[in-house]
Amino acid sequence: MSLVRAKKHLGQHFLTDKKIAAKIVDGLIHTDQYRQVLEVGPGMGILSDILLERENLETFMIDIDVESYNFLKDKYPQMGERLINGDFLALDLRKVFPGKFAVIGNFPYNISSQILFKILEHRENVVEMVGMFQKEVAERCASKSGTKEYGILSVLIQAYYNIDYLFTVKPGTFNPPPKVNSGVIRLSRNDRGTLPCDEKLFWAVVKAGFNQRRKTLRNALSGVLPKVKMDDNIYFEKRAEQLSVEDFITLTQLVTKLAL
């Protein structure tokens with residue numbers, strides 16, 4: 001089998017350190033809640049080798065790169081239809097995984113936010129995610145209110161998942177090495193089935209607040225709720241980064257009430 005060439009347009013940086021690969025797989029902890037795990041962008045299979053050793057897991061893989069797909073098909077003939085040549089962002093996850101499952105991967109930096117939003121979209125089925133991202137993105141996901149890193153992804157992820165920043169990975173452990181450090185995070189579905197507010201409005205409030213993060217929420221949310229309907233609640237005098245997830249839930253309840 002010839003080696004796979006890393007392709008810049010796909011954001012491929014192949015992990016070469018087997019110890020780090022094992023640490024990433026060891027990040028999966030809720031295996032009593034699911035059996036199936038989907039690896040996104042397996043490349044040449046450094047994570048796959050370890051995943052396939054786990055007898056309590058049924059591993060699926062998806063790679064958009066035809067060269068990687070053909071390499072993996074030769075390397076793992078036992079995979080059959082569980083090896084998918086396709087785009088994770090376009091994959092109908094509910095069709096492939098009708099039940100609970102996990103997602104794992106060394107994710108391409110250029111689509112990291114889209115991957116996270118796809119996971120959020122399927123939050124009722126994705127019980128857990130362990131993934132490697134650009135360190136800046138990983139830190140943003142795990143950041144708390146009151147910090148400059150705190151933003152839309154931070155709030156939306158933490159509304160539905162518990163998040164752990166597991167460890168940092170240096171560029172020299174990849175081929176080719178990226179120009180920045182990477183960070184591995186774990187998302188574990190929390191106890192919220194649904195939020196105690198209008199969830200569509202919650203997303204709109206969070207996005208509007210951070211899209212104009214330097215403004216007070218009275219100004220930032222004017223497209224969601226006309227200013228004439230806003231009361232003197234202290235939330236409207238704050239900026240989005242000052243509000244916790246619970247605050248955003250309460251604010252969404254308030255906006256719903258004031259909109260009547």
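At what angle do the axes of helix α7 (residues 152–160) and α8 cross, and within what distance do they come? The axes come within 9 Å and cross at roughly 155°. The model is predicted, with local features requiring pLDDT of at least 70 and side-chain atom pairs counted only at pLDDT 80 or more, whereas totals for chains, interfaces and linings use all residues. Residues are numbered from 1 along each chain as its sequence is written, and side-chain values use heavy atoms, without hydrogens and water.

**View 1. Helix α7 against helix α8.** The crossing angle makes α7 roughly antiparallel to α8 (angles over 145 degrees; under 35 is roughly parallel, 65 to 115 roughly perpendicular and the rest oblique). Axes are lines fitted to C-alpha atoms, for helices over the stretch in contact, and angles run from 0 to 180 degrees between N-to-C directions. Residues I152, V155, L156, A159 and Y160 of α7 meet E199, F202, W203, V206, K207, F210 and N211 of α8, where contact means heavy atoms within 4.5 Å. By class, this contact of α7 with α8 comprises nine nonpolar, one polar and two charged residues.

**View 2. Helix α8 against helix α10.** The axes of α8 (residues 199–211) and α10 (residues 245–259) come within 9 Å and cross at roughly 110°. This makes α8 roughly perpendicular to α10. From α8, L201, F202, V205, V206 and F210 meet V245, F248, I249, L251, T252, V255 and T256 of α10. The contact of α8 with α10 holds ten nonpolar, two polar and no charged residues.

**View 3. The buried side of helix α1.** In α1 (residues 18–26), the buried residues are I20, A21, I24 and V25; buried means under 20% relative accessible area, exposed over 50% and partly exposed in between, with a 1.4 Å probe and protein chains only. They cover an arc of only 140° around the axis, which puts them on the same side of α1. Their cover includes β1 (14–15), α2 (46–51), β5 (101–106) and β6 (126–134).

**View 4. A cis peptide bond.** N175 and P176 are joined by a cis peptide bond, with omega about -10°. P176 lies in the loop between β8 (174–175) and β9. In general, most peptide bonds are trans.

**View 5. Residue N56 in its loop.** N56 is located in the loop between α2 and β3 (58–63). Its relative accessibility of 40% counts as partly exposed. Apart from neighbours within four places in sequence, N56 contacts T31 and R35.

Note on methods. Helix = DSSP H or I, 4+ residues; strand = E, 2+ residues; numbered from the N terminus. Nonpolar A, V, L, I, M, F, W, Y, C, P; charged D, E, K, R; others polar. Arc of directions from axis to C-beta.
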